[in-house]
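Q: Please take a close look at one part of this structure: its aromatic rings. How do they pair up, and what surrounds them?

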Amino acid sequence: MQGAITASSFDHNDRKPNKVLTDDTLYWQSVGNTNQWLQFESTDAVTVSGFRIKRVSYTDNVAFRDWRWQCSDDGVVWTDAAVGTNAPNQDCCHFEPYVFP
């Protein structure tokens, strides 16, 4: 993907938003508990068919819960493309895929 990834916050320089595109042991981590976001800005039109998440081993009671995948042509007006809720405690250490209908 060409473009930028920004976030509402990140916890540490090793946990910046671009880590969502990697499979390594480092990952994006926000500062705060609710209403955090990632924004993907692409220079070209893209089709997104889903995403995947993974909880790391030492983050008990932390989960990617109520989520909205939104689209925008201008970065101002956003439209829900998909909405979901995950279990409060996700299983550790493996990717959970979410495929859009």
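A: First, a term. Contact means heavy atoms within 4.5 Å. With that in hand, A82 touches W67, R68, W69 and F100, leaving out residues up to four places away in sequence. Keep in mind that this is a predicted model.

Where does A82 sit? A82 is found in strand β5, which covers residues 79-84. A82 counts as buried because its relative accessibility is 10%, and buried means under 20%. A82 and C71 are 11 residues apart in sequence, and their C-alpha atoms are 9.5 Å apart in space.

Now the rings. A pair of aromatic rings is described by the distance of the centres and the angle of the planes. The structure holds eight aromatic pairs. Take F51 and W67 as one of them. Their ring centres are 4.9 Å apart and their planes stand at 85°. Planes over 60 degrees apart count as edge-to-face, so the pair of F51 and W67 is edge-to-face. This pair links distant parts of the chain. F51 lies in strand β3 (residues 50-53), and W67 lies in strand β4 (residues 67-71). They are 16 residues apart. Both F51 and W67 are buried.

F51 also pairs with Y98. Here the ring centres are 5.2 Å apart and the planes are at 20°. Planes under 30 degrees apart count as stacked, so the pair of F51 and Y98 is stacked. This pair, too, links distant parts of the chain. F51 is in strand β3, Y98 is in strand β6 (residues 96-99), and 47 residues separate them. F51 has a relative accessible area of 14%, so F51 is buried. Y98 has a relative accessible area of 19%, so Y98 is buried as well.

Ring pairs link F40, F51, W67, W69, Y98 and F100 into a cluster. Look back at A82: the residues that A82 touches include W67, W69 and F100.

Finally, step back to the whole chain. The chain has zero helices and six strands. Along the sequence, the pattern reads β-β-β-β-β-β. Of the 101 residues in the chain, 21% are buried. Among contacts with a separation of 6 or more, 47% come from residues 24 or more positions apart. The accessible surface of the chain is about 7,600 Å², and 49% of it belongs to carbon and sulfur atoms.

Definitions and conventions. Residues are numbered from 1 along each chain as its sequence is written. This is a predicted model: local features need pLDDT of at least 70, side-chain atom pairs count only at pLDDT 80 or more; totals for chains, interfaces and linings use all residues. Side-chain values use heavy atoms; hydrogens and water are left out. Rings of Phe, Tyr and Trp (its six-membered ring) pair if their centres lie within 6.5 Å; planes under 30 degrees apart count as stacked, over 60 as edge-to-face and the rest as tilted. Helices (H or I, at least four residues) and strands (E, at least two) are DSSP runs, numbered from the N terminus. Buried means under 20% relative accessible area, exposed over 50%, partly exposed in between (1.4 Å probe, protein chains only). Accessible areas come from the Shrake-Rupley method with a 1.4 Å probe; for residues, only the protein chains shown count as cover.
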